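Work through the exercises below with the structure open. Each task is followed by a stepwise solution.

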Amino acid sequence: MSGPQSFSDHERDAVYKTIAARRDVRQGFSERPLPENVLNRILEAAHQAPSVGLMQPTRFIVIRDLSTRMAIHNNFKEASAIAASSYAGDRRDLYKTLKLEGILEAPQNLCVVCDHRSERGHKLGRQTMQQTAVYSTVCAIQNLWLAARAEGVGVGWVSILDPDTLRLTLGIPDHLLTVAYLCIGYVDSFDDFPELERHGWEKRLPLEAVISYDSYSESSLP
């Protein structure tokens, strides 16, 4: 393929390089906030994500206030203690060594919510699969993550939070679904391998283990 809508080999390789280099970053954040133009470019990339029926249900809450982040950090500590109690033995010990958030270290956080009841898009594509609204927001988060990596910006997804408490802290209305809480900022480095893999929490599956043809099969799964 050639022409104005094609990509050069260098541009194509850069896309795959960015995907492979994306990491869930939880430490090593710089205290320097992102410049507004960089943050806006990253959010614009998220806003351009595919969305069912062009409903664009995703909303972004940028959090820089330290007292707010401290409240959310306390939320994390309580939720993490509960999570730790669900493990036993060596797995529990390993869990306690993991760095699972950068809420206070990152100079800005971002909460991503979904207006899954929005009438935008006139329910196209949602008549039989209403959850596609949330899928659209997840696509936006992935766009954001890749754009951030291309900008040299680290992103860490913090899922160990009580969502009801988070909703109260940020004043999120009941009609919005909380999808992600992200720590965002410049970092001193990106790991060559995912941190959880490096610490022995889990191993990445090979591609061939997750592909089936014509009907679903688990024969390749370890």
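**Exercise 1. Placing a serine**

In which segment does Ser 217 lie?

Solution. The model is a predicted one.
- Step 1: Ser 217 lies in the segment after H7.
- Step 2: Its relative accessibility is 33%, so Ser 217 counts as partly exposed.
- Step 3: Take Val 25 as a reference point. Ser 217 and Val 25 are 192 residues apart in sequence, and their C-alpha atoms are 33 Å apart in space.

**Exercise 2. A surface patch**

Find the residues that form a nonpolar patch on the surface, and check the exposure of Leu 221.

Solution. 
- Step 1: The members of the patch are Leu 205, Leu 207, Val 210, Ile 211, Tyr 213, Tyr 216 and Leu 221.
- Step 2: Together they have about 760 Å² of accessible area.
- Step 3: Leu 221 is found in the segment after helix H7 (195-198).
- Step 4: The relative accessible area of Leu 221 is 32%, which makes this residue partly exposed.

**Exercise 3. The largest nonpolar core**

How many residues does the largest nonpolar core have, and which of them have the most contacts inside it?

Solution. 
- Step 1: The core has 26 residues. Cys 111, Leu 170 and Tyr 181 have the most contacts inside it.
- Step 2: Sort by element. Helix H3 (66-85), strand S2 (108-114), helix H6 (163-170) and strand S4 (177-186) each give two or more residues to this core.
- Step 3: H3 gives the most, with four residues.
- Step 4: List the contacts of Cys 111, leaving out residues up to four places away in sequence. Cys 111 then touches Arg 59, Phe 60, Ile 61, Ile 63, Leu 166, Leu 170, Ile 172, Thr 178, Ala 180 and Tyr 181.
- Step 5: Another core, of 20 residues, lies apart from the largest one. Its members include Ala 140, Leu 144, Trp 145 and Val 155.

**Exercise 4. Salt bridges**

How many salt bridges does a search of the whole structure find?

Solution. 
- Step 1: Side chains of opposite charge can pair when their charged atoms come close.
- Step 2: The search finds 10 salt bridges.
- Step 3: Arg 26 pairs with Asp 24, with the closest N and O atoms 3.0 Å apart. Arg 26 is buried, at 9% relative accessible area, while Asp 24 is partly exposed, at 23%.
- Step 4: Arg 59 and Asp 115 form a salt bridge at 3.9 Å, N to O. Arg 59 lies in strand S1 and Asp 115 in the loop between S2 and helix H5 (132-150), so the pair ties together parts that are 56 residues apart in sequence.
- Step 5: Arg 59 is partly exposed, at 32%, whereas Asp 115 is buried, at 12%.
- Step 6: Glu 105 pairs with Lys 99, with the closest N and O atoms 3.1 Å apart. Glu 105 is partly exposed, at 35%. Lys 99 counts as partly exposed, at 22%.
- Step 7: A network of salt bridges links Asp 9, Arg 12 and Asp 13.

Technical notes: Residues numbered from 1 in each chain as written. Predicted model: local features only at pLDDT ≥ 70, side-chain atom pairs only at ≥ 80, totals over all residues. Heavy atoms only, no water. Core = buried A, V, L, I, M, F, W, Y, C linked by side-chain atoms within 4.5 Å. Buried < 20%, exposed > 50% of the residue type's maximum accessible area, 1.4 Å probe, protein only. Contact = heavy atoms within 4.5 Å. Patch = residues over 30% accessible without salt bridge, like charges linked within 9 Å, V, L, I, M, F, W, Y side chains within 5 Å. Areas by Shrake-Rupley, 256 points an atom, 1.4 Å probe, with all protein chains shown as cover. Salt bridge = Lys/Arg side-chain N within 4 Å of Asp/Glu carboxyl O.
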